Amino acid sequence: MSDIGAETWIIHGTLLGWWWNRKIMPWDSDIDVQMTNTTVHMLASYYNMTIHTFEIGDHEKRDYMLEVNPKYTDPSYDDTLNVIDARWIDIETGLFIDITAVRPHPKRKGIMCSKDQHEEKIQDLFPLRDSLFEDQPVKIPYNYARLLTQEYGNSALTKTEYSNHRFNSTSMDWERFMSVSSQEKVACQVSQALLRGGRRRRVKCVG
């Protein structure tokens, strides 16, 4: 984005993944980025529906199309079907990165807001910091810890188990594990198979 003068930063669940290990969390299904409404206006004016090639690693390139929602100028919270202001779309896979625009809150001084009803203090967002995410250079909000705790609670920065994953502080990765209930269900299913093979009474698995 910086190649075309568009300053953007990661936010929400993507920023939380950055907090833990600078990677997308395995249960996350998208990448969340923000930019100012002024920047979205520039993209709509000069780059809407254009295709850009990005280098991914040393030997791979991907083409992305930039699509700007024609309703990006409407700041209302009422239209819940148009909270995404723009998208980068991988033209090979169809996967996309959502972009939401932040703009000054109409009633609260010093607050930036987006149509998905997220609100952040200007001093928590800016100045942006430089960092890495998935080995790629990114911008992150200045007061990232405050933004994350406001959105997800204090435990989101310390809780090492979530969605059947456990954080390994040695490998710095979220590793999938099987919950006790899932283990019991699998054990029951194995017992069923063994009993069927021995032509004995079937056991019913619960859960």
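## Salt bridges

The structure, a predicted model, holds eleven salt bridges, a salt bridge being a side-chain nitrogen of Lys or Arg within 4 Å of a carboxyl oxygen of Asp or Glu. One of them joins D173 to K23, with the closest N and O atoms 3.1 Å apart. This pair links distant parts of the chain, since D173 belongs to strand β13 (residues 173-176) while K23 sits in the loop between α1 and β2, 150 residues apart. Helices (H or I, at least four residues) and strands (E, at least two) are DSSP runs, numbered from the N terminus. D173 is partly exposed at a relative accessible area of 27%, and K23 likewise counts as partly exposed, at 33%; here buried means under 20% relative accessible area, exposed over 50%, and partly exposed in between, with a 1.4 Å probe and protein chains only.

A network of salt bridges links E60, R62, D90 and E92. Because D90 lies in strand β5 and R62 in strand β4, the latter pair ties together parts that are 28 residues apart in sequence. The accessibilities in this group are 23% for R62, which counts as partly exposed, 36% for E60, also partly exposed, and 4% for D90, which counts as buried.

## Basis of the model

Residues are numbered from 1 along each chain as its sequence is written, and side-chain values use heavy atoms, with hydrogens and water left out. As this is a predicted model, local features need pLDDT of at least 70 and side-chain atom pairs count only at pLDDT 80 or more, whereas totals for chains, interfaces and linings use all residues.

## Overall fold

The protein chain has five helices and 13 strands, and buried residues make up 34% of its 207 residues. Among contacts (heavy atoms within 4.5 Å) between residues at least 6 apart in sequence, 46% join residues at least 24 apart. The chain exposes about 13,100 Å², of which carbon and sulfur atoms supply 51%; accessible areas come from the Shrake-Rupley method with a 1.4 Å probe, and for residues only the protein chains shown count as cover.

The buried residues of α1 are H12, G13, T14, L15, L16, G17, W18, W20 and N21, and just after the helix R22 takes a positive phi of about 65°.

Helix α2 (residues 37-46) contains H41, which counts as partly exposed at 44% relative accessibility. The C-alpha atoms of H41 and T73 are separated by 8.1 Å, although the two residues are 32 apart along the chain.

The largest pocket has a volume of about 1,200 Å³. Of the 36 residues that line this pocket, I31, I97, Q136, P137 and V138 are the closest to its centre. On a 1 Å grid over the protein atoms alone, a pocket is an open set of points where a 1.4 Å probe fits, with protein on both sides within 12 Å along at least five of seven lines, and lining residues have an atom within 4 Å of a point. Grid points are joined across faces, edges and corners, and a volume is the space filled by probe spheres set on the points. Strands that each supply at least two lining residues include β2 (32-36), β4 (60-68), β6 (96-104) and β9 (129-133), while β10 gives the largest share, four residues. The lining divides into 19 nonpolar, seven polar and ten charged residues, where Ala, Val, Leu, Ile, Met, Phe, Trp, Tyr, Cys and Pro count as nonpolar, Asp, Glu, Lys and Arg as charged, and the others, Gly among them, as polar.

The second largest pocket holds about 220 Å³ of space. The residues lining this second pocket include L16, W20, W27, Y152, Y162 and W174, with α1 (12-21) and β11 (161-162) each supplying at least two residues. Its lining comprises eight nonpolar, one polar and three charged residues.
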